[in-house]
Amino acid sequence: MDIIPMHLGVAHFKTPQIAIDAMQEALVSQETYYGPNEGIAELRLAVAQRYFEDDGIPVPAEQVLITHGTKHALHLFLQSFLQPGDEVIAPAPFWFAFPEMVSQAGGKLISLPPNPEEDYALPLSAIKEHLSPTTRLLLLTNPGNPTGRAYSLKELEAVAQLMEQHASLHVLSDEIYDGLALHGTIKSFLHFEHLRHRVTVVNGFSKSFAMSGWRIGYIIAPFPVLQKVNELQQKIISGVSPFTQVGAAAALRHRHQIWEGFKNELLQKREKVAAVLQQLPQLSYVLPDAGYYFTIDIKGCLEEHSPASPFKLVEEWAAALKEQVGLEVLPGTAMGMPTAVRMSYALPDYVLASALDRLSAFVKH
Ligand code: PMP
């Protein structure tokens with residue numbers, strides 16, 4: 001049986017042609033040598049401009065550092081910023097890579113309980129409850145992976161207020177899915193200019209531009225942290241290839257056109273998934289605002305809630321789904337939500353239709 005890969009964090013979208021063309025031109029013009037460690041000026045400026053043009057947020061281009069992907073940006077930041085024993089608070093469910101990245105940097109990830117009953121609202125009271133003298137960082141993913149939840153400006157403002165009361169608290173906001181907002185736009189944490197000395201934003205081209213193989217990301221951080229990040233990048237790998245950055249800059253300048261296309265396609269697919277899930281009362285979900293995942297709570301299919309079920313753990317349910325109907329989804333245990341699975345719907349229509357038929361057949365069986 002063929003396996004439909006709904007567990008992956010890559011969409012079926014093609015890389016924008018504009019990026020490929022610009023990169024090819026740069027290659028032909030021999031932009032093939034070491035570039036500046038911080039990234040080429042053209043891309044740093046394009047990043048700074050996007051925030052100003054779209055949201056009126058001033059970001060100096062010197063505060064933007066180009067990295068070898070967003071994972072690398074996160075890694076460099078955590079290594080540069082955390083001290084042994086620092087606590088990092090993150091609302092669950094979160095990207096599965098976070099706990100290990102934090103622990104590699106000597107920190108400890110404190111997972112806040114998932115709150116699907118509140119549509120994964122930013123859990124302010126849980127954050128307050130878990131703040132301790134060793135809390136150094138609040139790690140937000142906006143929009144969320146796997147939830148697809150986009151935080152409202154009001155929710156972010158509440159966090160900004162909390163930062164005003166807790167002078168040592170920093171925020172790291174991972175905004176890598178921000179081009180894939182299905183309604184409206186994503187509010188960046190960079191919005192709070194007066195807190196910029198305690199705010200770091202990471203972003204990249206893998207998701208919003210379907211350029212995961214290009215390995216380009218960026219970090220906007222307070223200058224003292226950025227300097228350490230820059231030194232670390234220089235020591236271990238040097239700057240990103242200049243010709244790929246030229247392609248990324250072209251994509252960024254054409255972002256609205258690119259995002260409009262992705263959004264229209266994702267919206268249609270999201271409705272198809274939701275229409276099927278509504279027919280399956282054993283599964284519960286919150287409609288995502290952005291990105292291409294559904295977080296599906298399957299606790300109704302586990303033994304604890306349905307004594308006749310053969311499945312105790314989400315991993316067993318997911319393994320049976322793969323074995324019996326050829327659908328691969330990602331169990332949420334490593335994401336801090338052990339009753340959920342993450343399911344990507346960024347698949348060609350005919351594949352998605354088959355996947356949804358298989359899911360229904362499995363759950364109704
Ligand atoms: N952050 C989040 C929330 C992600 O989902 C991912 C990719 N799955 C990354 C960072 C890493 O992205 P990149 O390919 O740019 O390293």
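1. For R215, a polar side-chain atom is found 2.8 Å from an oxygen atom of the ligand, while for K71 a polar backbone atom is 2.9 Å from an oxygen atom of the ligand. On its own the ligand has 400 Å² of accessible area, of which the protein covers 92%; accessible areas come from the Shrake-Rupley method with a 1.4 Å probe.

2. As to the basis of these values, this is a predicted model, in which local features need pLDDT of at least 70 and side-chain atom pairs count only at pLDDT 80 or more, whereas totals for chains, interfaces and linings use all residues. Residues are numbered from 1 along each chain as its sequence is written, and side-chain values use heavy atoms, with hydrogens and water left out.

3. The ligand is surrounded by 13 residues, the closest being T70, N145, D174, S206 and R215, where a residue is near a molecule if one of its heavy atoms lies within 4 Å of it. This shell divides into four nonpolar, five polar and four charged residues, with Gly counted among the polar ones and Asp, Glu, Lys and Arg as charged. Helix α3 (residues 70–81) gives the most to the shell, with three residues; helices (H or I, at least four residues) and strands (E, at least two) are DSSP runs, numbered from the N terminus.

4. An open sheet is formed by four strands in the order β9-β10-β13-β12, with antiparallel pairing; two strands pair if DSSP finds at least two bridges between them. Its edge strands, each pairing on one side only, are β9 (284–285) and β12 (330–331). Two bridges join β9 to β10 (residues 293–297) in the antiparallel sense, and Y285 stands opposite I296 in β10.

5. The bond from A92 to P93 is cis, with omega near 0 degrees, and P93 is placed in the loop between β3 (87–91) and α4 (98–104). The bond from N145 to P146 is also cis, with omega near 15 degrees, and P146 lies in the loop between β5 (135–141) and α6 (153–165).

6. Although Q30 is not a glycine, Q30 has a positive phi of about 65 degrees; its place is in the loop between α1 (17–28) and α2 (41–55).

Notes. Polar contact = N/O pair within 3.5 Å; in protein donor to acceptor, adjacent residues only side chain to side chain.
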